[in-house]
Amino acid sequence: MTKTSSHTPIHVIGGGLAGSEAAWQIAESGIPVILHEMRGVRGTDAHKTDGLAELVCSNSFRSDDATSNAVGVLHAEMRLAGSLIMRSADANQVPAGGALAVDRDGFSNAVTAALESHPLITITREEVTGLPPEEWDQAIIATGPLTAPSLAEAIQARTGADSLAFFDAIAPIVHTASIDMDICWYQSRYDKVGPGGTGKDYINCPLDEAQYNAFIDALIAGDTTGFKEWEGTPYFDGCLPIEVMAERGRETLRHGPMKPMGLTNAHNPTVKPYAVVQLRQDNALGTLYNMVGFQTKLKYGAQAEIFRLIPGLENAEFARLGGLHRNTYINSPTLLDRSLTLKGRPGLRFAGQITGCEGYVESASIGLLAGRFAAAERQGHAPALPPETTAFGALLNHITGGHIVSDDEPGKRSFQPMNINFGLFPPLEPGTVTKPEGMKRFRGKDKAIAKKHATAARALDDCARWLKD
């Protein structure tokens, strides 16, 4: 059935995950949307296509566990809210242990098709070079970490505040057929079975101590891409380049992306690997695997040479080598109000990574909220903010209220990008978590897991009530 609306359209700038989700939420509220996307007219340093919601880094939406993992709770809340991003991810998932990973092309195609076919959404391929004109009385800027310089300059001119930037590195993708499975084996860590998975969802490459040390030496000596004018820009700790981690200590990678725990070499089960490199399925056909945690700023020639030192990847063929792109975000706690509106410019909102959240799902969730807030205002209602006990509310609270000023450096900005985590949720009420009957000692890991379960359950209950109001 064709939908019609007498409302003035809301403009959304940027067709990434946040912008796509914002447009969907607005249109599903019965409000027309004009979605402006510059790809198709002008590309970026990281995108390869002009598809909406293209994934430029990992293909993983991370844990889908809604009982004891914060990002899994956010997944569940988004599904409750009718998220297009989650619907498209669920329809295009590939095996990934306890994580929700997607076929990146299928996912982008699904989002694009849904938005193109919605009768209240108009997609305009053009670059918006400045702030939205005043006649766009309701607009959302969701241009992400690759905001065009002209728009970034316009934001700076309006706000009087400098943007911060950090570098986000892309992991290489390997052709599956080029991996030596006489050396490598399939297994998820601790044999964990996740959505669409079997417990054997990762390809594992084992290294002994000598191989590991040779690999670390090569990483540290590898030729890297220089920062040039952006020298000294901080990295986001959740996406450090592999060689930067190696420089922080010889054992760092063994306790990070190359940790051997929970894995048994199927070819030599009595010998524990000193370190393990994992590769995760990257497309539905299973013909491509990405190197987990191997974001890098190594130059292409160095990448191919160094990564082929990994046992099982000696003859690896790379569908895509790693890369580096600049991420830009605003000082949201000082610039935005609680409904993501720019202070001093009613009706103009920001959403996604440009607000200082990090991660696909986090970006999309902020787009979801911005879209709902804008639609409510267009309908004459005050935006209903999600409870801080929900994943939505916890992340929103971090973005709009997470500015900490140090005592010894008054006025210094310390706001940094953040993934959703249980540390952002309010504490549980005293007495919420009690010792299970029959358990003699209730502390440590058992108590921590119980707290996570209670926090997750509270979040989903409160989210369901918020969505019904």
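I began with the secondary structure, which comes to 12 helices and 16 strands, taken as DSSP runs (H or I of at least four residues for helices, E of at least two for strands) and numbered from the N terminus. I note that this is a predicted model, in which local features need pLDDT of at least 70 and side-chain atom pairs count only at pLDDT 80 or more, while totals for chains, interfaces and linings use all residues. Residues are numbered from 1 along each chain as its sequence is written, and side-chain values use heavy atoms, with hydrogens and water left out.

I looked up burial for the chain and found that 55% of its 469 residues count as buried, where buried means under 20% relative accessible area, exposed over 50% and partly exposed in between (1.4 Å probe, protein chains only).

I then turned to strand E11 (residues 202-207), where 6 of 6 residues are buried. Tyr202, Asn204 and Pro206 point one way from the strand, Ile203, Cys205 and Leu207 the other.

I checked the neighbours of E11, counting two strands as paired if DSSP finds at least two bridges between them. Strand E10 (residues 185-186) pairs with E11 in the antiparallel sense over 2 bridges, with tryptophan 185 opposite asparagine 204. Strand E12 (residues 275-281) also runs antiparallel to E11, joined by 6 bridges, and its arginine 280 is the bridge partner of tyrosine 202.

Last, I looked at helix H8 (residues 300-307), whose buried residues are Ala302, Gln303, Ala304, Ile306 and Phe307. Their cover includes helices H6 (209-221) and H7 (242-247) and strands E13 (288-291) and E14 (318-320).

Terms used
Contact means heavy atoms within 4.5 Å.
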